[in-house]
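Have the chain open beside you as you read.

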Amino acid sequence: MILRNVAVVAFGPRMSSMSNVTRGPLFEIARASSDMSEFRKVFSKAKHIAIITGAGVSAESGVPTFKGAEGRWRKWLSQDLATPEAFSRYPSRVWEFYHYRREVALSKKPNAAHLAIAECEARLRKQGRSVVVITQSIDDLHRQAGSKHVLKIHGSLTETRCVSCGHVDVTQKKQICAALEGKGSPDPDVADAQIPVEKLPRCKESDCRGLLRPNVVFFGETLDSHILTKVEKELDICDLCLVVGTSSIVYPAAMFGPQVASRGIPVAEFNLQTTPKTEYFMYHFSGPCGTTVPLALARHESEVM
């Protein structure tokens, strides 16, 4: 089982080793190949393809990663705002931050990588083959591109969850509530709006009116066990895995690819540069995902429609 005995605290400490991935006769470390023609032969025979995507794919559409140089909103680091404690103490500030993130994400369009993945899923479905997207991104770009089978392990900016009744709602509208209109500027000179909690987004379920929160996994929270169970099933049956636009340092997603590779399944990494997990994979393709992924997933000459 892929996720057995693995801590699933989102964005927790980066693990320096992987207890479930061993180096030995069953899993030899070799230099990753960049031979696209060889990858394409493997792709042509795959029946169940798992595609793991990260912030790098979204970044090519202009969505900030909120890490490194982009990791500050006003004077706060994103990891200091995206926590249960921060939401409990400063719900107005955290909602401003996520309102800004929502507006940015909803203003972006899927790029060539998103579109190639969605087109591949639709095309292969007609051939009795499957593609599943397992994404760490919290934007809606895979869905906008047309992907149907998407597992969002870190939640979604387009969803809210009631802290009282737990109801999850989906909204594509930029404005969740009137009090947030025009709020959320990242300018460090802008003061907090200090919106009264009763005017923040509230649950619309009958007789509830509980406070809503973004339906995303905050730092320090555990991932949804139901989603992880689905992820595990997909990784157990896949016969080809792509790791696209992820730094492979955030767990548990960082070990999905290596765990698949440890079973002898071909894994291909698509990234601007190598990552801490590149050595575990059969293939590595450097460059923008919007360039490399469409080449990798294009219709193979052996496909019969």
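F39 and F43 sit 4 residues apart, about one turn, in helix 1 (residues 36–45); helices (H or I, at least four residues) and strands (E, at least two) are DSSP runs, numbered from the N terminus. This is a predicted model, where local features need pLDDT of at least 70, side-chain atom pairs count only at pLDDT 80 or more, and totals for chains, interfaces and linings use all residues. Residues are numbered from 1 along each chain as its sequence is written, and side-chain values use heavy atoms, leaving out hydrogens and water.

Rings of Phe, Tyr and Trp (its six-membered ring) pair if their centres lie within 6.5 Å; planes under 30 degrees apart count as stacked, over 60 as edge-to-face and the rest as tilted. That rule gives 11 aromatic pairs. Because the ring centres of F39 and F43 are 6.4 Å apart and their planes meet at 15 degrees, this pair is stacked.

F39 is buried, at 0% relative accessible area (buried means under 20%, exposed over 50%, partly exposed in between, with a 1.4 Å probe and protein chains only). F43 is buried too, at 0% relative accessibility.

## A pair across the sequence

Y98 and F218 form a tilted pair, 5.9 Å centre to centre with 50 degrees between the planes. Y98 lies in helix 5 (residues 91–106) and F218 in the loop between strand 8 (212–216) and helix 8 (225–237), so the pair ties together parts 120 residues apart in sequence.

## Charges over rings

R129 lies over the face of F43, 5.6 Å from the ring centre; a charge sits over a ring if NZ of Lys or CZ of Arg is within 6 Å of the ring centre and within 35 degrees of the ring normal. R93 lies over the face of Y90, at 4.4 Å from the ring centre.
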